[in-house]
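The exercises below concern a two-chain complex. Each one sets a task and then works through a solution in steps.

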Amino acid sequence: MSITKLPDQFSALEPFAEKWGRLETASERYLLRQSLTMDELRTFHDAAANRLDEIFTYLDSFPDGDLPEAEARLYRTVMGLSEVMQAVEIFGAPRVKNAPYPHHIDTIWTHSGSE
Amino acid sequence: MRSFDEPLLSPFDIGFGPTLPKREVVENGIAQANVYFSPERFAAEREIFSKVWLFAGRVEEVAQPGDWFVKDVEICDASVIIVNDRSEGIKAFHNVCLHRGMKLLWEPRGHNGLFTCPYHAWSFATDGTLKALPDEENFPQVCKREQKLKPVSVDSWAGFLFINLDPHPQQTLEQFLGPISNKLIDAPFDAYPRSASLTSPMDANWKLGNEASGEGYHVSSLHRKSAKGWALPEDNPHSHSLGWEQVGPHLITTLPSNPDFTVDLTARPIQAFAFMNQAQITSNSDDAPDQEAQPSFSDHPDLNRPKAKNWGGDGFFLFPTGQIGVFPNGWWFNSYWPVAVDKSRWYARWYFCAPKTRRQRFAQECMMAMYRDVLTEDNFSINGQHQGLASGALEQVYFGYPEILLRHMSGIMQAAVDNRLGGEPERLAAE
């Protein structure tokens, strides 16, 4: 099964999509963050953190609902930056101090009323 | 409204007569350490949980007929179904099949016209009636028409659902909440329909979790990196309450936020992007995106009673457990539930406005990573705290003035427990 490459203008993020682009949930992304080194996290941070406006202007140009696969993979990859933010910008470490490793916890999103 | 450093001995009544909180705890800020690990006191707390109104959820969770969710009260070994019945409205039942006690519903929530037991397929309508059982003619002792799932009292306030496990509750919900039952009736909780729930088991007495969430004194140390910047103004570094009151067994406090907080765009570009695209729930900052269309809590007359300029939010601490935190741009519910004397369950839910763009969804994801990590710092530290207390090393603990709510939370629960243990709590003489 072939992986859909990221849209051309974001090909620089392809190395990060390999790890982050498959993940669907905050729990999975949090676990991956905990397992990476600061170097790996910083490299992703440096490649993408200052492109967020460009990335989301692009992604929000698509209609609501499911994105085409290349864009969906981009979106999943970029969601990983929510965890990279915590490690690189807040703690200076991959894991929360005193938390066990690995720390499993689910974030369950729901939307009441019509989505 | 009290200022932060004025404890007040004020009576409460949870259905067993007016009682004063334990004086030594409220006035001197000294509590006996064994309240966190005494099995006898825990047994008394179990009795209390079985007889008072407990927060269960929100009406939006059962908006349509057939919607249901399950609320577990582990300390009482109870599992309760809350369901919207087309004719009778919101009802609650023990999640227990009438046949041989099997757990009826195993998922946390769902939508059904009929509840069917996985064991022998006995089925029940959403009003609790037994509708069908296989091989019915061979159950001569069972008359369908007379059989209903065991009811649990359920009632609501401001869209919050409460249950009471006592078959004959000592108080109505209105009596239990007292003046709080008139507050926040039209507050825009439902304007924040997208929520993130988290739960995890704790190796600690439940009161330690509630106490952590009842004071901001730990923010500058424990959350030095994760929250101090946006939570603590320079002129209030220990997060003293801007004004609080005790309402029966419940407490309300008004909290500060830091108006000078700005995110360093160079050092924290992701966090800056998140804050600029989704108002942080607790923020009052001018940097917050325009959410004009979003009804706000900021001007609600029941909130920010001290009329603090930099209103961070109000916390409604409901006896026996659970805090409703109401903020400028959203709200959350945080709670620690007893399971055993040295085990509890943390459950929290953060409520956001409906995201309009993927950009905003990403920003909300960032917020939740941030909030989750703050609570992670609390929760594993609390496990270590329990270990320290359970060792018996300390005879007593201290609650200072920045922990004014804890003096009252602890003093109130201790007096309620002392009542059940048949002690001699200080009672109010007849007025």
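**Exercise 1. Determine what share of the residues in chain B is buried, and describe the overall build of the chain**.

Solution. Start with burial: 48% of the 431 residues in chain B are buried. The model is predicted, and for chain B the mean pLDDT is 92, with 94% of residues at 70 or more. Next, take the secondary structure, which amounts to 9 helices and 19 strands. The radius of gyration is 23 Å, close to the 22 Å that the globule rule gives for 431 residues, so chain B is as compact as a globular protein of that length. The C-alpha trace spans about 75 × 60 × 45 Å along its principal axes. Finally, consider contacts between residues at least 6 apart in sequence: in chain B, 66% of these join residues at least 24 apart.

**Exercise 2. State which domains are assigned to chain B, and characterise the contact between them**.

Solution. The domain assignment gives domain 1, made of 23-50 and 187-420, and domain 2, made of 53-169. Taken over C-alpha atoms, the centres of the two domains of chain B are 31 Å apart. The contact involves 14 residues of domain 1 and 11 residues of domain 2. On the domain 1 side, α2 (39-49) and β17 (330-340) of chain B each supply at least two residues. The most comes from β17(B), with 4 residues. Sorted by class, this side of domain 1 has 8 nonpolar, 3 polar and 3 charged residues.

**Exercise 3. Work out how many residues of strand β14 of chain B are buried, and which strands pair with β14(B)**.

Solution. 
1. Look for the partners. Strand β13 (residues 243-247) of chain B pairs with β14(B) in the antiparallel sense over 5 bridges, and Thr254(B) in β14(B) has Gly243(B) opposite.
2. β15(B) also runs antiparallel to β14(B), joined by 6 bridges. Here Phe316(B) in β15(B) stands opposite Ile252(B).
3. Check the turn. The hairpin of β13(B) and β14(B) has 2 residues between the strands, and Gly248(B) in this hairpin takes a positive phi near 65°.

**Exercise 4. Describe the side of chain B that touches chain A, and find a strand pairing that joins the two chains**.

Solution. Count the residues in contact: 33 of chain B and 31 of chain A. On the chain B side, β12 (194-202), α7 (269-277) and α8 (358-390) each supply at least two residues. The largest share comes from α8(B), with 14 residues. The class division of this side is 14 nonpolar, 8 polar and 11 charged. For the pairing, strand β1 (residues 108-111) of chain A runs antiparallel to β12(B), with 4 bridges. One bridge partner pair is His111(A) with Arg194(B). For the complex, the predictor gives an ipTM of 0.97 and a pTM of 0.94.

Conventions: Residues numbered from 1 in each chain as written. Chains lettered and ligands numbered in written order. Predicted model: local features only at pLDDT ≥ 70, side-chain atom pairs only at ≥ 80, totals over all residues. Contact = placed C-beta atoms within 7 Å. Nonpolar A, V, L, I, M, F, W, Y, C, P; charged D, E, K, R; others polar. Pairing = 2+ DSSP bridges. pLDDT = per-residue confidence, 0-100. Rg over C-alpha atoms; globule rule 2.2 N^0.38 Å. Buried ≥ 20, exposed ≤ 12 C-beta atoms within 10 Å, placed from the backbone. Domains from an automatic or database assignment.
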